[in-house]
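Please consult the sequence and the structure shown below while reading.

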Amino acid sequence: MRALFLMITCSFSLFSCEKEELDISGKTEEFTMKSSIINDDYPIFVFLPSNYNPYEPNELIIALDGEFRFDDIANIISEKSQNGSIPPCIFIAIGNSGERNRDYTPTKYEHGKGGAENFYAFLKNELIPELESRYSIDTLNTKTLIGNSFGGLFTNYVMFQNRIDNPFNKFISVGCSFWFDSGVIFEYEENYSLNHSDLDVKYYSGMGTLEGGINLGSFDEMNDRLKNRSYSHLLMNTEFIEKHGHSGTATIGFKNGLNYVFTN
């Protein structure tokens, strides 16, 4: 019963904060993407900021939990595109957040269905090619992935996949559920380290200081692991977000993360 209460509380707090009014410079679009890999439909929310250039390759930024996170992140990117602190880009957010426990979790566990492998395949093999056919997007593996909570878990999961065909090299993880399945994400990092000495990515990770003890401890553990590996080419910035809990860290972390990964 206590575990159920914690799960419900966590789910509520993740999405209960009030959203800011959407006041952006650019164009928004929306379409539905059918995945044959997952056999499900995904609403795709698109923001073409003022610096989007239809005649040149643009950076692609992808965020999870689109129904809840699109407005906040679009606001941040709009501001950055207007002040010149982000290169020409396109931002999309993937919806269908009701299936986040299926899509964002790497293993089957009490609170997850272990569909991360399929969801990653959907991103690589279906969604990104579709986006590249619709918009002017840089086809190099230099894309950005943003996730919060279980979305942060998936973001870390993708970072520890094979770099050769990984479309992402910038990762923003906020309030990551490192605790999931007894910390199984640490096994993915361990397996990656056994076969690689290089991790050529920019990585931002933020965690609210009012998170529970297991979240704070696992956040520190992942940071220490990555630093102690001495991976070649890894650039990382991690921070505790003071006086904020699980829901309050998201927008702050997204902004700080975008500031970091797009800093030369």
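F178 is buried, with a relative accessible area of 1%; buried means under 20% relative accessible area, exposed over 50%, and partly exposed in between, with a 1.4 Å probe and protein chains only. The residue lies in the loop between strand 8 (168-174) and helix 6, where helices (H or I, at least four residues) and strands (E, at least two) are DSSP runs numbered from the N terminus.

Apart from neighbours within four places in sequence, F178 is in contact with N156, G183, I185, F186, Y203, S205, M207, S218, F219 and M222; contact means heavy atoms within 4.5 Å. F178 and I214 are separated by 36 residues in sequence, while their C-alpha atoms are 8.6 Å apart.

## Basis of the model

The model is predicted: local features require pLDDT of at least 70 and side-chain atom pairs count only at pLDDT 80 or more, whereas totals for chains, interfaces and linings use all residues. Residues are numbered from 1 along each chain as its sequence is written, and side-chain values use heavy atoms, leaving out hydrogens and water.

## Helix 6

Helix 6 covers residues 180-195, and its 16 residues should span 22 Å at 1.5 Å a residue; the end C-alpha atoms are 24 Å apart, which agrees. The expected span is 1.5 Å times one less than the number of residues.

The buried residues of helix 6 are F180, D181, G183, V184, I185, F186, E189, Y192 and S193. They pack against strand 5 (108-109), strand 6 (112-113), helix 5 (150-159) and helix 7 (213-229). D181, located in helix 6, has a positive phi of about 50 degrees although it is not a glycine.

K243 is exposed, with a relative accessible area of 73%.

## Nonpolar cores

In soluble globular proteins, nonpolar side chains tend to be buried together. The largest nonpolar core here has 51 residues, and those with the most contacts inside it are I92, I94, F119 and F154. Such a core is a set of buried Ala, Val, Leu, Ile, Met, Phe, Trp, Tyr and Cys residues joined through side-chain atoms within 4.5 Å. Helix 4 (residues 116-134) gives the most to this core, with 8 residues.

I92 touches I44, F45, V46, L60, I61, I62, A63, L127 and L131, not counting residues up to four places away in sequence. A second, separate core of 24 residues includes F45, I172, A250 and Y260.

## Cysteines

C89 is buried, with a relative accessible area of 0%, and C176 is buried at 1%. A search of the whole structure finds 0 disulfides, a disulfide being a pair of cysteine sulfur atoms within 2.5 Å.

## The chain as a whole

The chain contains 8 helices and 10 strands. For 264 residues, a compact globule would have a radius of gyration near 18 Å; the chain has 17 Å, which agrees. This radius is taken over C-alpha atoms, and the globule rule is 2.2 Å times the number of residues to the power 0.38. The C-alpha atoms fill a box of roughly 50 × 40 × 40 Å along the principal axes.

Of the 264 residues, 54% count as buried. Among contacts between residues at least 6 apart in sequence, 77% join residues at least 24 apart.
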